[in-house]
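Dear colleague,

I am passing on the structure we spoke about, and I would be grateful if you could look through it alongside the notes below.

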Amino acid sequence: MPWINAERCNGCGLCVRACPVYAVRLEATATTPRAFIDRSACVLCDACRDVCPERAVRSDREQVPEAVAANMAMAYDYVSRYETFVEQKGQLARTLQHFRVRLAVAERTIRQLEALGDRPVPELRALLEEDASTSHSRAN
Ligand code: SF4
Ligand code: SF4
């Protein structure tokens with residue numbers, strides 16, 4: 001998911017015009033306008049990154065260390081709510097399980113997306129819908 005480094009953005013608006021789903025907008029600041037990405041609307045096409053003359057549109061790959069640090073802080077916060085060593089170990093195990101499930105979801109998603117290969121759009125859509133309904137009925 002792309003994000004905007006506000007310190008680099010000059011407010012030129014090229015990314016706003018390049019976005020095919022209108023997920024980027026300029027927001028007023030005390031100085032110049034800055035681009036803002038609506039993450040719920042973004043379809044990950046990278047067009048905004050391609051046109052930005054300031055390299056202000058950044059990849060979330062760069063935010064991995066911060067994301068890991070936030071997860072570690074969360075894990076520490078949860079564990080520290082327990083007093084005994086045994087309770088803390090139990091909480092740590094539950095936190096590990098939480099991240100293992102997220103990892104399993106990501107790995108399975110990647111495998112399924114890779115399996116779709118180079119299919120034409122109508123076929124791809126049918127497969128995605130079929131998989132979504134299979135997952136939904138499995139969950140119920
Ligand atoms: S193209 Fe780059 S510099 Fe221009 S508004 Fe978008 S993010 Fe800012
Ligand atoms: S990655 Fe594509 S969809 Fe997402 S904000 Fe940039 S141009 Fe828009």
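Predicted model: local features only at pLDDT ≥ 70, side-chain atom pairs only at ≥ 80, totals over all residues.

Residues are numbered from 1 along each chain as its sequence is written, and chains are lettered from A and ligands numbered from 1 in the order in which they are written.

The mean pLDDT (the predictor's confidence in each residue, from 0 to 100) is 91 for the protein, with 96% of its residues at 70 or more. Confidence is lowest in helix H5 (residues 121–139), with a mean of 74, and highest in helix H1 (residues 14–18), at 97; helices here are DSSP runs of H or I with at least four residues, numbered from the N terminus.

The domain assignment, which is automatic or from a database, gives domain 1 (3–58) and domain 2 (63–135), and their C-alpha centres lie 28 Å apart.

Around ligand 1 there are 14 residues (C-beta atom, placed from the backbone, within 6 Å), of which Cys-9, Cys-12, Cys-15, Cys-52 and Ala-56 come nearest. Ligand 2 also has 14 residues around it, and there Cys-19, Cys-42, Cys-45, Ala-47 and Cys-48 come nearest.

Helix H3 (residues 64–79) and helix H4 (residues 85–116) pack at an angle of about 145°, with their axes 9 Å apart, where axes are lines fitted to C-alpha atoms over the stretch in contact and angles run from 0 to 180 degrees between N-to-C directions.

With best wishes

Key:
Helix = DSSP H or I, 4+ residues; strand = E, 2+ residues; numbered from the N terminus.
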